Amino acid sequence: MKICWSVRPQAQVKTNVAMLTLMHTIRTHLENGIINREQFKIVYIAPMKAFVAEMVTIFSKRLKKLNIVVRELIGDMQLTKTEMSGTQILVTTPEKWDVELVTSLISLVKLLTIDEVHLLHGERIPAVEALLARTLRLVQSSQSMR
């Protein structure tokens with residue numbers, strides 16, 4: 001799993017860098033011109049619900065021709081197992097990812113991007129650090145079980 005941290009360059013540049021990273025990860029699951037969508041998940045963490053919605057719109061629009069499913073997961077929202085398995089890119093908040101961190105999915109997460117890190121302050125920074133450490137530990141243990 002790769003981890004990408006994003007801090008405050010110009011918004012358009014940052015979004016393009018995120019897209020390049022997403023496309024690289026998607027491309028690694030391309031065989032004979034077909035994307036193996038069931039083999040990977042990409043998690044994009046944004047600090048606020050408004051950013052989550054914005055990124056879902058941008059990613060969905062740009063990846064529409066590739067039939068990549070982008071879904072948001074925030075607040076009290078829940079995705080069914082079918083929705084979760086049919087989603088390639090999950091855009092969420094740190095707190096929601098902490099709740100949704102599921103061992104059965106973690107082995108499919110090939111890219112974790114934490115966006116707008118500078119907006120996380122106060123009590124949220126230690127929580128994000130703990131979340132990242134737990135995510136990495138789960139990834140390592142799921143890979144060692146293969």
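How do the residues of the lining of the largest cavity divide into nonpolar, polar and charged? In this predicted model, eight of them are nonpolar, two are polar and one is charged. The structure holds two cavities of 30 Å³ or more, and the points below take each in turn.

**Largest cavity**

- The volume of the largest cavity is about 50 Å³.
- Its lining is made up of Lys41, Ile42, Val43, Met84, Thr87, Gln88, Ile89, Leu90, Trp97, Leu105 and Val109.
- Lys41 is the charged residue of this lining, while Thr87 and Gln88 are the polar ones.
- At least two lining residues come from each of two strands, S4 (41-45) and S6 (89-92).
- S4 provides the largest share of the lining of the largest cavity, with three residues.

**Second largest cavity**

- The second largest cavity has a volume of about 40 Å³.
- Around the second largest cavity lie Ile45, Leu112, Ile114, Val128, Leu131, Leu132 and Thr135 as lining residues.
- Two or more of these residues are given by strand S7 (109-114), and two or more by helix H6 (124-144).
- The most comes from H6, which gives four residues to the lining of the second largest cavity.
- Six residues of this lining are nonpolar and one is polar, with no charged residues.
- Thr135 is the polar residue in the lining of the second largest cavity.

Notes. Residues are numbered from 1 along each chain as its sequence is written. This is a predicted model: local features need pLDDT of at least 70, side-chain atom pairs count only at pLDDT 80 or more; totals for chains, interfaces and linings use all residues. Side-chain values use heavy atoms; hydrogens and water are left out. On a 1 Å grid over the protein atoms alone, a cavity is a set of points where a 1.4 Å probe fits but cannot get out, and a pocket is an open set with protein on both sides within 12 Å along at least five of seven lines; lining residues have an atom within 4 Å of a point. Grid points are joined across faces, edges and corners, and a volume is the space filled by probe spheres set on the points.
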